[in-house]
Amino acid sequence: MAIQKTILWYDLETYGLSPRVDRIAQAAMIRTNLSLEIIDEPILLYGKLSPDYLPSPESCMITGLTPLDINGREDSLSEYELIKWINDEFLVPGTVGVGYNSMNFDDECIRSTLYRNLFDPYERENFKMRSRWDIINLVRATRDLRPEGMVFEKRNDETGFVSFRLTDLTEENNIEQVGAHDALVDVYATINVARMIKEKQPNLFSWAFTNRTKVDIWRLLDVERHTPMLHTSALYASENGNTHPIIPLWRNREKSNDIWCFDLTKEIPDSLEEVEDMKEAGFVRVMTNKCPFIAPLSVLNHKVEERLGFRKKDIEEKAKALVRDKRFLFDLSPLFANTTYQDEEKDPDFTIYERFLSQSDKERLNKIRELPPERKLKDGDYNFDDPKYYKLLWRMVGRNWPDVFDEEEKQKWKNFCASRLINPPSKYQRTMELYMRECDEILESIERTPQEKIIAKKLKDYGLLLSREVLD
């Protein structure tokens, strides 16, 4: 039986801005067919907080969600139950998981939550025609390349350039979005923005959807032929837009997902020895596994050239000159060591990328997850290739099923939670002292709204509750 492709549109509301550290407060998902017609009932989930973590009060001001409210809901789920539900939806064969500006936050948040709860964080992206997509660069490309039929007039307050905030797009294009920063509302808004692009610019939509996977991007960014292409990214944000011409140079030998390119709006360096900032010099790392928007130069017409501020003819001439130069056509990745990701977090909760899950550990964890909570720490195979998984297992039991601990383990769990509230291991976490001070500052401020003060009062009450339960 042929696998039917469907799109799972999703959005998260979280308790903070660090995808590896912060927890999911609310998750919404809607499944459509490829014609963007809704085919299943919408899903809205709420996630309980465990007592080893404090939310960001400012994030709660934005979402209006507090742990006091969510933990008190009858339908709220433990983190394990929440991420299992989300993962089961993504694992449906043929699923394309799609969000809005999701690749660097929502998607990473899901990966980290899967990892903390001993799931394979990559299984939902592999096999059975499953994949992912983020439409924000399609929206940017629509504005730059084929804006007819849509309005892009609102400005980002911070940059002064065109705004691609979902709320601004829906407002200026008369798309209903009442209740922004509610996950389900944002999912509906994302679907409606996609529908508008699909209706107004069907060829552009089809191109982006068809060329979203890393295999597609490898084909488009041919490092053998060095064919110049267009790349749409927030990296190039300016008054002209978010699209620059690039030429693929080499693929990183150690990180095959990275293709290094040169921005053809820049002048070709005379010597690399004189280059202090590789990014400023025009070298661009395209991460092929993060759904970049790549298009051929053939989409350029006079209007687009005028809008973007460069001409196809000039770009092609500069590309030929760079290829003739040959100095940049081999792997220069070692020169870019300072621009690659360096993991600053050392606690096992956050070291998702330090060492990938081995097949044997994956099989061990799968069997442990199938055990009832009271047996997870007793009947499993704990001879892990990577010993951090035993620590993660113990923490997962404490966060989700602390009642199965005996008295000694309950005290150990309480001590662990207390240490997290007093001296958290990540710079992105807050201490109880800082958390309570932030709540008090909101409550005492004359600039805060009554609604914000109601939220701050609930957050402070939650802090006092944790102090009594964990710190006393």
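**Salt-bridge exercises**

Arg 124 and Asp 107 are both buried, where buried means under 20% relative accessible area, exposed over 50%, and partly exposed in between (1.4 Å probe, protein chains only). The model is predicted: local features need pLDDT of at least 70, side-chain atom pairs count only at pLDDT 80 or more, and totals for chains, interfaces and linings use all residues. Residues are numbered from 1 along each chain as its sequence is written, and side-chain values use heavy atoms, leaving out hydrogens and water.

**Exercise 1.** Find what joins the side chains of Arg 124 and Asp 107.

*Solution.*
- Start with the criterion: a salt bridge is a side-chain nitrogen of Lys or Arg within 4 Å of a carboxyl oxygen of Asp or Glu.
- Arg 124 and Asp 107 meet in a salt bridge, at 3.3 Å from N to O.

**Exercise 2.** Work out the surroundings and partners of Arg 23.

*Solution.*
- Arg 23 forms a salt bridge with Asp 52, with 3.3 Å between the closest N and O atoms.
- Both Arg 23 and Asp 52 are buried.
- Now widen the view: a network of salt bridges links Arg 23, Asp 52, Asp 347, Asp 349, Arg 395, Arg 399 and Arg 420.

**Exercise 3.** Decide whether Arg 375 and Asp 379 are buried, partly exposed or exposed.

*Solution.*
- The side chains of Arg 375 and Asp 379 meet in a salt bridge of 2.7 Å, N to O.
- Arg 375 counts as partly exposed because its relative accessible area is 30%.
- Asp 379 has 43% relative accessibility, so Asp 379 is partly exposed.

**Exercise 4.** How many salt bridges does a search of the whole structure find?

*Solution.* The search finds 40 salt bridges.
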